[in-house]
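The points are grouped by topic.

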Amino acid sequence: MRPQDTEVDVVVAGGGPAGCVVAGRLAYADPNLQVMLVEGGSNNRDDPWVYRPGIYPRNMQRDGINEKATFYVDTKESSYMRGRKSIVPCANILGGGSSINFQMYTRASASDWDDFKTEGWTAEDLKPLMKRLENYQKPCNNDTHGYDGPISISNGGSITPLAWDFLRAADAIGVPYSDDIQDLDTAHGSEIWAKYINRHTGRRSDAATAYVHSVMDIQTNLHLSVNSRVSRVIFEGTKAVGVAFVGPRNRVHAGQVREHIVRARKCVVLSSGTLGTPQILERSGVGNAQILKGLDIKVVSDLPGVGEQYQDHYTTLSIYRVSNESVTTDDFLRGDKETQERLFAQWETSPEKALLSSNCIDAGFKIRPTEEELKEMGPEFNQLWNTYFKDKPDKPVMFGSIVSGAYADHSLLPPGKYITMFQYLEYPASRGKIHISSANPYVEPHFDSGFMNNKADFAPIRWSYKKCREVARRMDAFRGELTSHHPHFHPASPAAVRDIDIQTAKQMLPNGLTVGIHMGTWHRPSEPYDPKRVIDDIVYTPEDDKAIDDWIADHVETTWHSLGTCAMKPREEGGVVDKRLNVYGTQNLKCVDLSICPDNLGTNTYSSALLVGEKGADLLAEDLGLKVRVPHAPVPHAPVQTGKRAGPLPRFAA
Ligand SMILES: Cc1cc2nc3c(=O)[nH]c(=O)nc-3n(C[C@H](O)[C@H](O)[C@H](O)COP(=O)(O)OP(=O)(O)OC[C@H]3O[C@@H](n4cnc5c(N)ncnc54)[C@H](O)[C@@H]3O)c2cc1C
C-alpha cells in the first residue's frame, strides 16, 4: 500500500513504545482491521546499532549522521541553572526510546498509578497489563511479573564483578540488598538491575520488534510509513478523520511544506511522545486558544493544558577511578581497536554471555532519607516530603546506579578505568513546557525544560550525591575520584575530591616520568587501597553544600524520561485527555504515550510507556468491538545467529 494519500481504519502517529503496542495489538486483534503506523524517524529493523545492547552510548552522539534522536534545547538560558540551557534528546526512530535507550528495567511504585486518581488506572487495575507485556527471564519470588509477553527482561549476557562490589558497599551504608525491588512496593533497597535484553539472543528488546515487526511478518494489515513526520490531525468539524505528514527534511521545494494525507475511517491515535504529541495537537488547532490564534491556527478545541506541566527525572553523574583489574567498558568505548574486535567477536559467537549483551549498568538502588537526613534537607524539601512522600512508603526519593565504565566523552578523560554513579531524582517538583512557535512543522518549538525551577529539588540531589560518594568510597575497587566530574570544593575542605592514588597510577603508567610529581593543587591523591580500612562518612560544611548546589545547577541533565504534557485529568484542571484517553472537545482522537501522565512515575519510563500503550490498546479495542489477543505474535530475532562469525567484523564508525 502506498502510504500517502490513502485510507485505513486506524492511524497511529508515532512509533515509540506506546505507539508500537497500540498498532501491533490492534492489527493482531483483527486481521481485517487496516492499521497504519506513521513514524517520523527511520526503520529500526535489523539495525546493528540498535540491537546490540552494549553500543548504546553512541546513540547520544550528535555527529550529523546519527539520526536516531532529536535534541530539544531550551529556548532561553535558565537562571535556575546559572544561565545554562538544558538539552533533552528524545527518540527519532521506529521503536522510539526503546531503540536507543539504556535498556534499564525498573517499574513505577503502586502509589504512582493510584495517584493518577483516575478510574481504571489504579495499580491493581493495571497489574494484569504489566504482566501481559513481560517475558521475564530472571528468577523471581513475587507474582507481579509476566512470562509470555513480547518484551524480554533479563540480566543480559554478563554482570560485572563491580556490581556486587557496589551492592556490598551500599549495604554498608544502610541500603539492604533484595532479589527484586521492582515489586511495585520497595522504595529503599538495592538489586542487580534487570535490562531489556533477551538473555538467549543477547539482543535489545525494543517495542517495534516485539509488537510491530512480529505482526508484519505474519499479517498484511499493519502498514508502516517511516520518515514521515506527522504535521497535524485532519478534522471534519471536531472529528478526527486522518493525519497529514511531511518528509523528515525540508531542503527542496523552495522550503515549502509538502504534506501527504492518510485518512482514518475509525480513529487517529497520537503517540509521538511527550515532546512530539503536544506539538501535533497545537498545529491541529487543539491547545491554548491564545497561542493558536497568535499563530493563525484555527481553534478546534481550546485546551490550555496542552504542552504544559512538562516533567522529567534529573540526573547528575559522578565518576570514580577503579582498580586496573576491574572489568569496565572504558577501552571499548574509548575505541581501542583490539578490545573492540574482541568484544564484537564475542558478541557474534556467544551473545548469550557476551559483555556487549549488556549495558554494564548492573546494579542500583532506590533510596529514601532517614529522619536525621531529612533534618539536613531544608524547609523546601521537607514541605514536599510531608505532602508527597511521607505517607507513601513505596515512593523512593532517588535512584542510584553504577555503570562499569565512564559515561562521558573518553577523548576528554585521562587513561584508566572508571565507574559512573548515576544519581537521579524521581519526582522533581519543577515543571517545564513546550509550545509550537509556528504552524510549520519544520520550525523549532519554544521549549523550557523547567529543570531546577523549584528549589525543593536541590536538597535530594545533594543528598544522593553524598550517598553515592559514600558507596563508591567503600567499594574494594575504589581508587579515587575523577576531579573533573565532581563538585569544586574548596581545596582545603575535608570534602575536597581526591583523585587517583599514586600506587594505581604507577601500575597504570609504569614508565611514566610524571606520575606523582608535586604540583601543588593539581592532584590530591587518594589513599592507596587498604582492605582493612574503616571508612568514615565525609563531613560537609555549608560552603561544601553550596559547591554541590552550584555543581548541580551546572551539570544536572535530563534522564530522558519526559512525560506529562497532555495530562489525563479533568478538563477544568488543565486536563487534555479523559480516562479513555480521548482528547477533550474532539471525537475519534486519542493520545497514547507518556504525555498523558498527570504526575510523575518513580521509574525508568520504558515500562510505563509500554503499560500506557497496553492500556490504550485495550481502550481502543473496546471502542472498536475487538479483544486483544494473547499471547502476542511471535517475536522475530533476525538476523538469526549461526554461531559463526559473519564475514568481516562490523566497523565501529557508521
Ligand atoms: C537516550 C534515552 C535513554 C533512555 N533510557 C531508558 C532506560 O534505560 N530505561 C527506561 O525504562 N527508559 C529509558 N528511556 C525512556 C524511555 O525510552 C521513554 O520513556 C519511552 O520511549 C517513551 O515512550 P513514548 O511512546 O511515550 O514516546 P517516544 O519513545 O518518545 O516515542 C515517540 C515516537 O514518535 C516519533 N515522533 C515524534 N514526533 C513525530 C511526528 N511529528 N510524526 C511522527 N512520528 C513522530 C518519534 O520518532 C518516536 O519514535 C530513555 C530514553 C532515551 C531517549
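The structure is a predicted model. In an unreviewed UniProt entry, the feature "domain: Glucose-methanol-choline oxidoreductase N-terminal" is placed at residues 91-114 and 273-287.

**Annotated domain spans**

- Residues 273-287 are 73% helix and 13% strand, with 16 Å between the end C-alpha atoms.
- Y105 is part of strand β5, which comprises residues 104-105.
- Y105 has 23 other C-beta atoms within 10 Å and therefore counts as buried, the threshold being 20 or more.
- Leaving aside residues up to four places away in sequence, Y105 is in contact with I153, Q182, W193, A194, K195, Y196 and S607.
- Y105 and K455 are 350 residues apart along the chain, and their C-alpha atoms are separated by 29 Å.

- W560 is located in the loop that runs between β25 (557-558) and β26 (589-591).
- H561 is likewise placed in the loop between β25 and β26.
- W560 is classed as buried because it has 21 C-beta neighbours inside 10 Å.
- H561 is classed as buried because it has 25 C-beta neighbours inside 10 Å.
- Contacts of W560, not counting residues up to four places away in sequence, are with P89, G97 and N101.
- Contacts of H561, under the same exclusion of residues up to four places away in sequence, are with D312, H313, N604 and T605.

**Shell around the ligand**

- The ligand is surrounded by 40 residues, of which the closest are G16, G96, G97, G273 and G276.
- At least two residues of this shell come from each of α1 (17-29), β4 (87-91), α3 (97-100), β13 (229-236), α8 (273-283) and α17 (606-624).
- The shell contains 17 nonpolar, 20 polar and three charged residues.

**Helix α1**

- The end C-alpha atoms of α1 are 18 Å apart, which agrees with the 18 Å that its 13 residues should span at 1.5 Å a residue.
- Twelve of the 13 residues of α1 are buried, so the helix is largely enclosed by the rest of the structure.
- The buried residues of α1 are P17, A18, G19, C20, V21, V22, A23, G24, R25, L26, A27 and Y28.

**Helix α11**

- Helix α11 has 13 residues, 337-349, and its first and last C-alpha atoms are 18 Å apart, close to the 18 Å expected at 1.5 Å a residue.
- Which residues of α11 are buried? They are Q340, L343, F344, W347 and E348.
- These residues cover an arc of only 140 degrees around the axis, and they therefore lie on the same side of α11.
- An α-helix has 3.6 residues a turn, so residues three or four places apart point the same way.
- The packing partner of the buried residues of α11 is α10 (330-334).

**Backbone details**

- Most residues other than glycine have a negative phi, and most peptide bonds are trans.
- D296 is a residue other than glycine with a positive phi, near 60 degrees.
- D296 sits in the loop between α9 (289-294) and β17 (301-302).
- D296 is exposed because 8 other C-beta atoms lie within 10 Å, where exposure requires 12 or fewer.
- N588 is not a glycine, yet its phi is positive at about 60 degrees.
- N588 belongs to the loop between β25 and β26.
- N588 is buried, with 22 other C-beta atoms within 10 Å.
- V630 and P631 are joined by a cis peptide bond, for which omega is about -5 degrees.
- P631 is found in the segment after α17.

Methods: Residues numbered from 1 in each chain as written. Predicted model: local features only at pLDDT ≥ 70, side-chain atom pairs only at ≥ 80, totals over all residues. Helix = DSSP H or I, 4+ residues; strand = E, 2+ residues; numbered from the N terminus. Contact = placed C-beta atoms within 7 Å. Near = placed C-beta within 6 Å. Nonpolar A, V, L, I, M, F, W, Y, C, P; charged D, E, K, R; others polar. Expected span 1.5 Å × (residues − 1). Arc of directions from axis to C-beta. UniProt positions renumbered as here; feature names shortened; annotations may be inferred.
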